[in-house]
Amino acid sequence: MKNTSSAQTARRFAGYSRNRLISMGVMVVIFIILAILPVVAPDSYWVTRISEYMRYGILAIGWVLFSGPTGYMSLATAAFYGLGFYMAAILNGPLPFAVVVILSGIVGFIVAAAIGALTLRLRGVYFCIFTFAVVLLLNQVVLEVERLTTGTRGRFVQQESVHVAYWAILIVFILTVVVTMFIRRSRYGLALQSIGEYEEAAAHSGINVVRTKVVIFATGAIFMAMAGAIMATRRSYIDPGIAFSMETSFLPVLMAMFGGMGNLVGPVLGAVGFTALRDYLVTAYPDAFMLIFGVVLIIAILFMPNGILGVAQQLWRFIRRRTGGSPKTPLEKGGRRAPA
Amino acid sequence: MLQVDNLSTGYGRTQVLWDLSLKVDEGEFVALVGANGAGKTTLLKAISGVLKPWPGSGNISFDGKRIDNLDSNQIVNLGLSHIPESRKLFTDMSIRENLEMGAYPRRSWRERRKTMDEVFELFPRLKERANQLSRTLSGGEQQMLAMGRGLMSRPRMVIIDEPSNGLAPLIVAEVFEILKDLRKTGITILLVEQNVRQTLQIADRAYVLENGHLALEGACSMLRESDHVRKAYLGM
């Protein structure tokens, strides 16, 4: 009896680590391809496009890191992203680009921790509204400060080349994926999930609920601020309206829902699919773009509750059933802890 | 081990507990019984830090250390575990993950595998289903999991809130058997129950709570003979 169960456990772990190795391998290959892409194809069109995909990938993962397991819907993404914009506008030039990006991450963490400490006592829709208001508040405050101190509305940013920005965003993207994966597998990931399910029971399990929420919320903000600092250098001019655009808060949420939040592949798929779709519609149907986009979104939310990933899994199950294999998909095997 | 002195508390301006005192010694199995709305769960919430005592209304201490100003998670770290009413499991997690969650305090996290084996020994049925989602368990099994999760932090004392709540009579009997097993491990227990008859059979001492006041206290053997208890709770 004891022997069989330990054998089963061994097999389970072996299978798990093999899957894990495969997904790690695929990831590393993708990262390497992304890293050498600008050398192989220096055409700035694709370099720019893929930077854009990665930027939204970072924002969507950064959002899912906290909001996915806890169910706290944060709309503060634009606040941290915009913060990165201003860090770059003020510091890029006087300080080396790499230092600016790292500093943005640190400032993003601190500001998000402060905001989190204030707001994470709120639940549900109140939290959502407050984070939304934070973006508007920052927008107004920065506008007013700029008016008083510089007398102008916007700022010029010292630019970086397409390729430098690309590699910088790639590094932040890899960092985001690796750190998020690490957190999700760690005891903090499990703690976050339990907070999402039952905050009271989580506290009774010995979790410092408020601290855990604040730290993870702020960790997500590191990547958002870094992405902001990098993307700002691709523009020559920024103002509060550009930096703190609400679109930056809403799009990652939609992308994560569009892609699926079960693991990290979902948000990235969502970011790529969404951005590509938007680009296509803007060029192909510039007038009807918003209309078509809206309809696609509604269909996605209504009929794909688990996103693209959920559809893929259903399809997989269907194929397996047809070919007589086991109908189980990774999601069903138990545990919400994502494989990626 | 646990001492509550002159505690008054409530929700908003509604007072629920009036000047309550209670004490549990190391290794004791103490029961807290009373009807619906008597304030049993409120008292437990105050002990485990969810609810604060009203200002100037006395204090709660565990192992001689005041805990009424601590947060729930700090109290768990001290070795006092609360197994909440109606289970409150993490239903989208597997049984193994639920148990791991219970071992969250750093001190117990390192020993979680060992503790889990001990918990599985106490609840063999959980072991068979370790990788199943916890929502697929039956009511009785869910209660076992809730208890197991509460034990994973390696507490020196557990507070168990209405473990028989919502279970079929046969399963209730099983839960009481488990409670007997639990006391054999030497852990200190404060049990809250509405099931007065069975509770008075297995506990050492009991407190009877009525409308937020302490009505009676004493050894269970004595309470079983008390006219008041017989009339009000045992239907005799």
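I began with the sheet, for which I took two strands as paired if DSSP finds at least two bridges between them, while helices (H or I, at least four residues) and strands (E, at least two) are DSSP runs, numbered from the N terminus. This is a predicted model, in which local features need pLDDT of at least 70, side-chain atom pairs count only at pLDDT 80 or more, and totals for chains, interfaces and linings use all residues. Residues are numbered from 1 along each chain as its sequence is written, and chains are lettered from A and ligands numbered from 1 in the order in which they are written.

In chain B I found four strands in an open, antiparallel sheet with the order β2-β1-β4-β5; β2 (14-24) and β5 (65-66) of chain B are its edge strands, each pairing on one side only. I then followed β1 (residues 2-11) of chain B, which pairs with β4 (residues 59-62) of chain B over four bridges in the antiparallel sense, and there B:Asp5 stands opposite B:Asn59 in β4(B).

Next I checked confidence: chain B has a mean pLDDT (the predictor's confidence in each residue, from 0 to 100) of 87, with 100% of its residues at 70 or more. The model scores ipTM 0.74 and pTM 0.80.

Last I looked at where the chains meet, counting residues as in contact if their C-beta atoms, placed from the backbone, lie within 7 Å. By that rule, 26 residues of chain B are in contact with 19 residues of chain A, and the elements giving two or more residues to this side of chain B are α2 (72-77) and α3 (95-102) of chain B.

Terms used
Contact = placed C-beta atoms within 7 Å.
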